[in-house]
Every structure is written in structure tokens, then in C-alpha cells.
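Please read each point with the model open beside it.

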There are 2 protein chains.
Amino acid sequence: MDLTGENLVGDEPVKGEGATFRAVNPATGAELEPPFREADGPTVDRALRGTQAVFPAFAATPPEVRAGFLRGIAEEIEALGQDLLDRAHAETALPPARLESERARTVSQLRLFASLLDEGSWVEARIDPGDPARAPVPRPDIRRMLVPLGPVAVFAASNFPFAFSVAGGDTAAALAAGCPVVCKAHPAHPGTSELAARAVGRAARGARLEPHIFSLVHGWSHEPGLALARHPLTRAVAFTGSRKGGRALLDEAAARPVPIPVYAEMGSVNPVFLLPAALAERCDAIAEGLAQSITLGVGQYCTNPGVVVGVRGEGLDRLRRGLAERLGAMAPGAMLHARLGEAYAAGLERARGRGALVLTVPATPPTAARAGAALLGTYAARFTSDAEWQEEIFGPASLVVEARNVAELTRVAESLEGQLTASIHGTPEELATHAALVDVLRRKAGRLIFNGYPTGVEVGHAMQHGGPYPATTDPRSTSVGTASIARFLRPVCYQDFPDPALPAALRNRNVLGIWRRVNGELTKDDVRPAA
Amino acid sequence: MDLTGENLVGDEPVKGEGATFRAVNPATGAELEPPFREADGPTVDRALRGTQAVFPAFAATPPEVRAGFLRGIAEEIEALGQDLLDRAHAETALPPARLESERARTVSQLRLFASLLDEGSWVEARIDPGDPARAPVPRPDIRRMLVPLGPVAVFAASNFPFAFSVAGGDTAAALAAGCPVVCKAHPAHPGTSELAARAVGRAARGARLEPHIFSLVHGWSHEPGLALARHPLTRAVAFTGSRKGGRALLDEAAARPVPIPVYAEMGSVNPVFLLPAALAERCDAIAEGLAQSITLGVGQYCTNPGVVVGVRGEGLDRLRRGLAERLGAMAPGAMLHARLGEAYAAGLERARGRGALVLTVPATPPTAARAGAALLGTYAARFTSDAEWQEEIFGPASLVVEARNVAELTRVAESLEGQLTASIHGTPEELATHAALVDVLRRKAGRLIFNGYPTGVEVGHAMQHGGPYPATTDPRSTSVGTASIARFLRPVCYQDFPDPALPAALRNRNVLGIWRRVNGELTKDDVRPAA
């Protein structure tokens, strides 16, 4: 496992004149070799110019070539074996079992996008055949499909060193779409990033693709990322991280002479609503489920349940006690990097400053190396009176909000800003009775969960991982699942083109065997043009 | 035909304290009765607050109710008969035949959206059934569909008083999606707008819908429009108009605490590329087709062909002469309002200032009442050296760009900013030989046209009316055709919900008979959940 610490422009290591930084083992505080080189302006520019030169050819590759490429990335990542897991463990302190399952998820989502390309209907072909006989003017022949948007800047997340990083979901979706990627590695795991980027490079060579369809740049400061978002050749930004970071990229992109879309997934407090009959029936099981969800990955998930809302009474009392006991008994874990430990401690302090009741706090003040779980409490009337209560405390903490009745609980739902998820625990009867609550939450969140917990985002066709601002900058998009490819596509239509000059997806003969909307009807049939 | 001149909040006329203005007959300069009242801040606020109160119920209306509502709007507009045409003619000077065909297009697109709702698959249902037996953890049941985004601010265009105005495509798409609309009337045709708005109101009553799903506000200054884009309850903006206006709304929306999407269609120069064999074969026919397209509606179309690019030689010489003759022989027409006449004259002056060759100019300097056609010329090397040459001159004018060869013509294509359309005239053999040109233009434009002219936008399922910035602010969207509904939708997924608690589109039994993607496969079958 040889790491160079350099940026990779295409497959070429580029030093540039950026500052150097080192990864740190968050469990021990030890600095790791080698030093990494932050990308300077010329390096970012070279990476984007490289994508420009190869974009037309990459956009035109047959989907099966890109499918083979994605499968190749998956194989190359698996071939890194223990080296990759060891480096990721050293850089993130995430437990080996978690890293193995995250790697499995990463390669399976690469293969899922390959199968999406095999199936082919993702281009959403629409054909309105011409009608020369129409009066008063002939109807033109119009055929529409999705084409790649252009080079995408992918910002890797700290909390998923594989699945939301260099070869993660954003990269897989962009490459599947036919968009070159310039990925900004997360500075907390630069070595893991370099290994993954080299795997992508080897897979590109294996698929005989131009190396410049993928570059990796490092950045410890904000500047390389802002330069990526600002670069005139960048056509979209995908980001997973903090609200501050996502908004900064959004503002940068909006101020460009040619604005571009920013898909920033910025996390949320993922409220969990507990209805009375559910608490009466399953109080201990819910306490156990919440405790596991709150502390999973030391609370460092975008879908961490940061707010739990229940109706006052015995059930809620018991839930609070049971949850506080469980959280208090859990061993502290190491967070992903030093700044997260400080931010977690500060977040707990701010919550206490605004008068949160302390149900349990870590025995020793949290640090990155030892972050214990916390449970705070407040009342619905206070929660709804000040949006500060909705602050996400990134770490293994949650806030229990006590409502006087279901009407007040629904007002808590009404007061929420945009969320990735919202969960309801109830009996089926309660769910039917409180349809208004579901209705409110549907306006607030991208994913509604019944009798479950928000952590654990299934990668499939139907997943929606996104939600109204500030959960994301674009509630129309998902960053998980096959639908996420739509972020990097735009429609183009062809009017009155001769059949041989059309892309394969739009020709009369359905040579690809894909679903197409012909005169508005989905079909796999060939199109019969008017004589 | 009684016009009140007041804003309509729901179905209630609201005066407010805004300034008054009058419509002007652009052909005569005469002011028209009655005075109209610009919406003040409290009026805009009332309109949005009204939508908030009714949005949940409107979002939940069965699609057939909204389909009936859209058909009702079409009927009410037809029922306005000659009164509507007369008022529109007085306010726009558009010829009666054009207004009749635009009205026909408007009611047919309302009915097209109704049929889209009838068909039902626009919700893009995706179902990944759960699998309790999956190891190591059960697979949750995930079901996803599109839901309405929220209240939409629609900005009516000056150049389509029916089809892109109060009851035009944006309004039809938003209402079809289940989004309430606050429409800002274009100040050039406020009376036409009031008539259409009252038709919408009557249709809403007929469908037993809350009046507050639709409001009309007037604005002569920019302030009411900016207030709409700024209002915290607005969830999306749809606009057709100038680049300056669209960008102002985009910037306003981007600066909000909660940013929202802006779909601004800002027009473009819609380049037409003439390949040599086509010119050799069909020079006169192309000159005639271009002359008609350039002067259609006195050149006031977003798709007006403002740039024509050809390869030097006899064919191009003859085309230039033929086109100049035809344009010179055309009678001047009245433009839509006084400011457009001034802007057209100024645009021609600026082009001459940068050295455009004059092939023909109107005998008398253009005014709003009498705007004659113009043809200018330049060379490819000059065109590509300064982006100023790409300025859209809104009116019946075009610029012929002479390239030395097809390679230089392709460089002109490469130099272009984003376009709504790009057209190529050539033989099928030329199209095959110059596939690189098609490739370049596909990156620049939303619609590619072969041997045709850009004016005339077919309303159907496959139309893409949009393109890269600055043609629009969002190249992922279309503002014409059924796909335009996607602008006002966002996905939501339900995890592990009991079947009866799911929306009809997502239940096991496919009660709506719609296409759904089950485990990634399109089907109309019912879903069999795991036991």
C-alpha cells in the first residue's frame, strides 16, 4: 500500500504548491504518514480542463461500457482487501465490522448502477412521432431523452469513508450518467481516498476509458472546494456534510455567471414521533431501538434521530427513563475527527444554555477520542417557541420533547424545518386516526418511517434520501438509490431527425429494448413512423 | 366584459394601496380602461397566506378532481369568446388569427394536463417491497412517489397573452401537480389577465375547490414580483421573459433563508446552421422559411432565429440576398409594448456599433407601432472573438455569420452560450458526416431541429423547451409539454407503512392501474408483499 499524498489529475499525480496536511487517527491522536498535498488553483483548473477534453467522448460511451467500468471499480475496491480497511480504520476509528459492511454497500451500489445502465430505461425516452397529414400544419417528429449534464464536483463526506466518498454514491451516479467527476477528498481520510481513487483509475484503464474522466483533489482548507464550485467547467456539485459547508457551496454556485445546481445533503434532526398506544404497547422495545439508532456510528449519521416527541404520561416517563439508562450505560466511542468532538461538546453546552433538561450526559466531557451519549429534554411549548431547539447536535445525543397531547405534538411537527426523515411509532389505528400528522410530516421530510428508526438507508430504486431545505439544498433530488442518477442529467429533444442520425434510444426500432413513452404511452414496441 | 382592475386574492378583488397603471394599445398608443392596481406588499402576503391554508387539501385532491378543474378552466376560457380575443388584441396588437390559434393551444394544453392526470403514471411510483427474511437485517418496505412542492409563483410572459400567461402552461402544470398558484400578470395585458383569472376562479368553484388555490396580482414595477419570489411561503418560481428579469428572480430566490427553485425561460438566439449541400439544393426555400420564422409574431418569440451560420460561397451569397429581399419586402408590424420597440431599435444600433454589416434595415427606424425586419451580417472569426455578438435582439431581426468552412462553422457552435434550440439544415449525408456538429449543439441546446425552423413549439409529451443557461436558469426542466409538471414535484418515500395508510398510488393493489416501478421493473401488476 504505497500512498503518494498527491492529487490525482486523471491518473497523473500532481504536487502543485498547496499546503500539506496529515491524517490523524482520531482514537489516538497520532498523525499518519504520508503528508497530503492540498490542491492549489492550477491543479483544480487542470482537473476540470481534463474533464472538458474527455466529456464528449465519455458522454457518448455505450451504456454497457460505463456499466463495465462501474463493475470494474467495485472489483478494484474489493481487490484492495484488508489494506483499504486498515487505512480507513486508522483514519476514521470506525469499527472493522462497520467498515466491512460499508464497503459491501459501496460495491453493491456501484453494481446497482451498472444494472440500471443494463436495463437502459433511465434515459426516459419519449417519442411523439410526426404526422405530416395534420392540419393546419404538419406535426413535427419530436424525440426526447436524458443526456449527461457535464463535469460534476463530488465532495466526499467524513462519516462514510467509502459509501459517500471517492467511489461512493455520488461518484457512481455521475459516472453512470456519463459525467466526468472531480472528487474532493475529505481531509479526515485522505489515504482511504487515494486508495479508492487509484482503484477508479485502474478500472478506467481496464474499461479503456480516458483517465481524465476522474480526478481526485485534496483540500484541508475550504479553498479547493470553493474553487471547484466556482470553476466555469463544473456543471453540478454533489456534497454530503454540514449545513454551513453546503450553504457555502450553494451560495458560490448561485453567484456564478452561469449558475449550476448544488445537491447538498446537510443532515437533519430526523424527528421521531411516539404516539400513546405505541408507547403503552412497546415502550421498552422503542427505548432499545432508539438507543441503538442514536448511538450507531457514535451518532455520526445524517439520519441520526436527534429529536423524539411524545405525549406526556406514564409511557413517555418510562421511555425517557429507559432511554436515559440505556444511553448512560453505553461505552463512549471515538468520533471521526477532532473537530467533531469539540463541536459535539459545544452543541451539548448550547442546549443546556437554552435550558434543556439533562436526562443523561457522559460521565466525562466528550472529546473526539471518547464521546459518550447524552439525552436531553424539553417541553413542546418551549421547542416550538424558538427554532434554536432544532439545532442538530452531531453525535450520540437526542432531545426528548414532551407534548401535552397529540394536537400539541402535531404543532411540534408543524414547527419543524425540512428533514431527511420523520418517523412515527404508533398502532395502525393511531396512524389512521392521526392522518393529519402524516400529512404535516410529508411536507417536512423526504422519507416517512412507520415503527422504525431513521438510521439505515436502504440502497434501492424507491429510496428517497433527501428532503426540504435545510436537510438538502434541492428537495427534488435523492442522493441514495438509482433515482439519484437524475441529478446529473438533462433532457434534449430531436426534431425531425432522420432515423439513423438519432441516438439508439430514440430510433424507430427499439434496438435497446427499453421502455419508452410513445405518444405518452409506455411501451417497448418499435415506433411506426407515418408514411 | 366588466374589468375591475383589482388584484384577485382567491376570488376576492383586493385594492390595496399600490400605484395604478393602464394597459396601452401598442398599435395606437391609446390608453385602455380601466386603471389597474399594482399589488402592494400586504396583497402579495395575503395571496400567499391564502395558498398556505389550502395547500394540504389541494395536494390531497384526487387527480380526477384536478383534471376536471383543468378542463373547466379550458371551457371557461372558451366561454369568454370574442370578449377575450378583443381585449387581448387591444392590449397586444397580435393579429386575431394568431390569438385564436394561441387560445386553441392554451385550452388544448390544459386538456393535455388533464389527460396526464387521468393516465396517472406521472407520480412515478417506485416500490421496493420489504423482505423480512433478508440477512443480516430485514429489508424494509420502501415506496416512493412524487408529491406537490407547494405554492408556485407564476410570472406571465408578454409575448403569449394566453399560452404563457395566467392560464398558460406554467399554471396548468402547477395546478395539475397540486400546487396552488399566485400569478403575476404581465402589465402589458392586465385586462386579458383579469379575464383569464376570473375564468380560473369560476372553474375552481365549479370543481368545488377552495378559491385560494389561485390568485392574480398585478405589477407594473418590479417590486410585486420580487416580493412574490421572496415570500417565505413561495416554493417555486416559473417565469418566461428577459434574461435580466429571470436572473433577478434567480438571485432573489438564491438569497432567501430557504432557497427555492426558479424556472426562468429567458430566450436565446436559436442559431440555425446551414450546411453547403442543403444551401445548394434548397437555398430559396430556406430563405423563405427563415424569413417567415424571423418575422413570425414580429420576431417576438423566445425561439426566434437570431443567428444564421453558413459556409462562404455562392449558396450563402444567394441565401443572404434572398433573405434580405424577403425581409425588406415585409410590412412592419406592431410590437407588444412601447419598451420593446425602443429595445429593438437600440439592439439594432448596438449591433451596427460593433460593426455588423447591414444587409437590410427597416425603411423607418423601428418603433413599437411599426417595427420592420432587419438582417445583419458578420464573419465567424469576429463572432467568436466577442460574446457581445450573441446578444439577443428581441424583434424581427437576424444576424448571418459567414464561416470559411465547416470546421469554422463548428467553432461558432462551440462558442455559443446556452440555447433553447439549435437547427441544422443539411442533407442526411451531411448530417452523418458532421456528427461532431450535432454533438457540440447537443451540449449547447435543449432542442435540436433538422431541416426546420425553431419557431413553433409543439405541445406534447416529448417536447423539451429549455436549455443550458442563459436560455433558462435550469436546464433540467422544460416549460412546455407534459414533462413540465416535474418542475413542481418532489419525491417522498414511505417506509414500512401499513397498506391502508399508503397513498392509493403505492398500495399493494394497483387500484389506479398506473405504471409503477416494482424492484426496478415497470409493471401494472399488483405487488405481493412477503408473508
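1. Begin with strand β17 (residues 419–425) of chain B, which is joined by five bridges to strand β18 (residues 445–450) of chain B, the two running parallel. Within this pair, A422(B) stands opposite L448(B) in β18(B). Strands here are DSSP runs of E, at least two residues long, and helices are runs of H or I, at least four residues long, numbered from the N terminus; two strands pair if DSSP finds at least two bridges between them.

2. This is a predicted model, in which local features need pLDDT of at least 70 and side-chain atom pairs count only at pLDDT 80 or more, while totals for chains, interfaces and linings use all residues. Residues are numbered from 1 along each chain as its sequence is written, and chains are lettered from A and ligands numbered from 1 in the order in which they are written.

3. Chain B can be laid on chain A with an RMSD of 0.0 Å by a turn of 180 degrees and a shift of 0.0 Å along the axis, where copies are superposed by least squares on the C-alpha atoms of residues with pLDDT of at least 70 in both. The two copies are therefore related as by a two-fold rotation axis. In chain B, the C-alpha nearest this axis belongs to A254(B), 3.2 Å from it.
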